Amino acid sequence: MFSLLALMLAARPAWAGTNLVANPGFEQLDSTGFPVCWEKSGWGNGTVAYSRTTAAHGGSTAMSITVTGVTTGDDKLLMTENASCAPAVTPKHQYDLGLWYKSTTPNTVVTAFRHDTTAGWQYWTDLETLPATAAYQHTTVRTPAVPPNTDRISWGATVYGTGTLVTDDYTMQDTTVPVTGGTCTAGAACTTGSWQVLPFLNPVRSMHAIVLHNGKVLLMAGSGNDPMAFAAGTFSSAVYDPASGKFTQIATPTDMFCSGHVQLPDGRVLIMSGTKAYPAADGSHGYEGLTSSYIFDPVAQTYTRVNDMNDGHWYPSATEMGDGDVMTFGGLKADSSGSVTAELFSNAQQKWLASSQVNQTWSYFGLYPAMILMQDGRLFYSGSHVFGNGTPGTGASIYNYQANTITPVPGLQSKDTRDQSMSVMLPPAQDQRVMVMGGGNIYTNVDAGRQTDLIDLKAASPAYQPGPLLPQGTMSNGAKETGAQGKMYVSSVLLPDGKVFETGGGLHNRTDPVFEASMFDPTTNTFTPGMATDPIPRSYHSASFLLPDGRVMSVGDNPGDGSFNMHVSVYTPPYLLHGAQPKITSVANPMWSYGSSQKVTVDSPIVRAELIRPAAVTHSSDPNQRFVDLPLTVNSGGSVNLNVTSNPNLAPPGYYMLFVVNANGVPSVAQWVHLM
Ligand SMILES: [Cu+2]
């Protein structure tokens, strides 16, 4: 009964609180006849008309925005960005935003801006699409927690396609529910979290880890970077079940060591390339890449061959696009030279297309280039890669498949020491910010660096800006890092509380592991240093990834002596030590469509919900990793509706982990949903 009561308190109806919006129904007009405390905004091409209409929901005035011919940009009706019109807010609080609307276009979104006490007004977040409707509809959407240093917000409706949107009767209420309990009794772990080294070993020398939609983990080794195993044709992989602690060895048809991998829309795993040959003893050739490709079925736990790619791609990228196709770049061909062929796996045809059917720029992106899908369907090459220098020029670029163009992106620091750095799209994906952390260079073997860079891909001309320095760690001999010393082989894991856990790494090529872990907060752009460190070194050929229970698992380490560390570690973040986890008690329908509203029930109040894409990681590279906010509509009946983005480029089709999070930042265990 207690939890039901708490839930009902959390689900206060929209009319219960003070309406923080000035002139919410547009009834007060200024001398020009425009509603007081409202302003026009927008950019791009096209034509827009703002007008008053008497077809109001309440009172005698509503506002209409009619847009034609927009191909770039949008038009907005927002609360005026000043102290008397933009509602005051409290950091960490959340607000329910409500409005009535009619629309002839689905190309709309409720947009919020925030006033930073030092940096001024800036974009905050896009919250919810307003589906087309001929009759007035009401919508309520809950904001994320207000970021620090924010004193006011302004919000309203955006139209970015041809049509007319009419809105009226805006409401805004503080919905913050104080959470009691959650006192942590775990000592230092309350702030640092804790590591456990599991009492059993990884049965395979895996440098590839893929989280499957049944919660199990595919650990691929192939020959495991062991030339003897390669010569013997001994290839391995295993499936680990975190629920039972059991490993199942999987028959592995070829050497998937140094392949690429990504989950397809149906949850099966596409694997491309791998090792055709190790370097010849006589120096006549280097590593050679396979052209072969397989699909792993998580249910049958088998590999099935598909058609070959046009080239071999030893160390390829693999990015799922918004339409479910997969694009692959880079790596080494069957003759050991670099591949300049862009490869496209058609999801509709379930095969790799001939190179003549794929737009080609014939550009070399290097090894495991981090190619991250942007919300407009272009690919951002972040500059993270493996082995040696970055690409010529600025070392980062935007690739437009449709236009077949590559545009350099400026600002990446130390682009030639980004070998085995790690890049992630920061939470939430709606903000389109990418961070690159650390990196070194195995050929020059300089000290790995502390540099990080941040980029806002929503900017008209995106450019990297320097981010905070990586915290420094401790070497195996107990010495502390000094000066500019940082890490390569970095692992960055998106956590369900919206932070990024950064762990593992080393100072030099296959030696000098660094024991350091920190938490990066995208809302403040700061690292919290001093998180508990994995007792096992995690440098070359290691991987760390989020489990559906909210913990982080780490495997692998392959130092220069050729050994492989078979210990498996699991990190319990501090959030699991601060009181009971909220629980998702039901998901009305696990099949989710874009632009839909999905009903779930929870056993206690929550403040945030999101989708996190399961990991497919190797060599500090998981360019598909993303965290997609699900703006909440809290129903009076004790359930919540989750508003799913209408843009498949923000959340490419496939299985996702659905997490809900309470006001203490404690996440639920994930439920799996299938977004198509
Ligand atoms: Cu490798």
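This is a predicted model: local features need pLDDT of at least 70, side-chain atom pairs count only at pLDDT 80 or more; totals for chains, interfaces and linings use all residues.

Q: OK, what's the secondary structure of the protein?
A: There are 3 helices and 52 strands. Those are DSSP runs numbered from the N terminus: H or I over at least four residues for helices, E over at least two for strands.

Q: And what is the radius of gyration?
A: The value is 25 Å, close to the 26 Å from the globule rule for 676 residues, so the protein is as compact as a globular protein of that length. The radius is taken over C-alpha atoms, and the rule is 2.2 Å times the number of residues to the power 0.38. Along the principal axes, the C-alpha atoms fill a box of roughly 85 × 60 × 50 Å.

Q: What share of the residues is buried?
A: Buried residues account for 59% of the 676. As for contacts (heavy atoms within 4.5 Å), take those between residues at least 6 apart in sequence: 63% of them join residues at least 24 apart.

Q: Let's zoom in. Where is Ser518, and is it buried or exposed?
A: Ser518 is in strand 38, residues 517-521. It is buried, because its relative accessible area is 0%.

Q: Which side chain does Ser518 make a polar contact with?
A: That's Glu502, and the two side chains are joined at 2.5 Å. A polar contact here is a pair of N or O atoms within 3.5 Å; within protein, one must be able to donate a hydrogen and the other to accept it, and residues adjacent in sequence count only if both atoms are side-chain atoms. Not counting residues up to four places away in sequence, Ser518 also touches others, including Val500 and Phe527.

Q: Which residues does Met437 contact?
A: Leaving aside neighbours within four places in sequence, its contacts include Val500, Glu502 and Phe527. Met437 sits in strand 31 and is buried, with 0% relative accessible area. Its C-alpha is 6.4 Å from that of Ser423, 14 residues apart in sequence.

Q: Now backbone geometry. Which residues does the cis peptide bond join?
A: Pro427 and Pro428, with omega at about -15 degrees. Pro428 is in the loop between strand 30 (422-425) and strand 31 (433-437).

Q: What about phi of Asn149?
A: Phi is near 65 degrees, positive in a residue other than glycine. Asn149 is in the loop between strand 8 (133-142) and strand 9 (150-159), and counts as partly exposed because its relative accessibility is 47%.

Q: And Asn225, buried or exposed?
A: Asn225 counts as buried, at 9% relative accessibility. Its phi is also positive, about 55 degrees, although Asn225 is not a glycine. Asn225 is in the loop between strand 13 (217-222) and helix 3 (227-232).

Key:
Residues are numbered from 1 along each chain as its sequence is written. Side-chain values use heavy atoms; hydrogens and water are left out. Buried means under 20% relative accessible area, exposed over 50%, partly exposed in between (1.4 Å probe, protein chains only).
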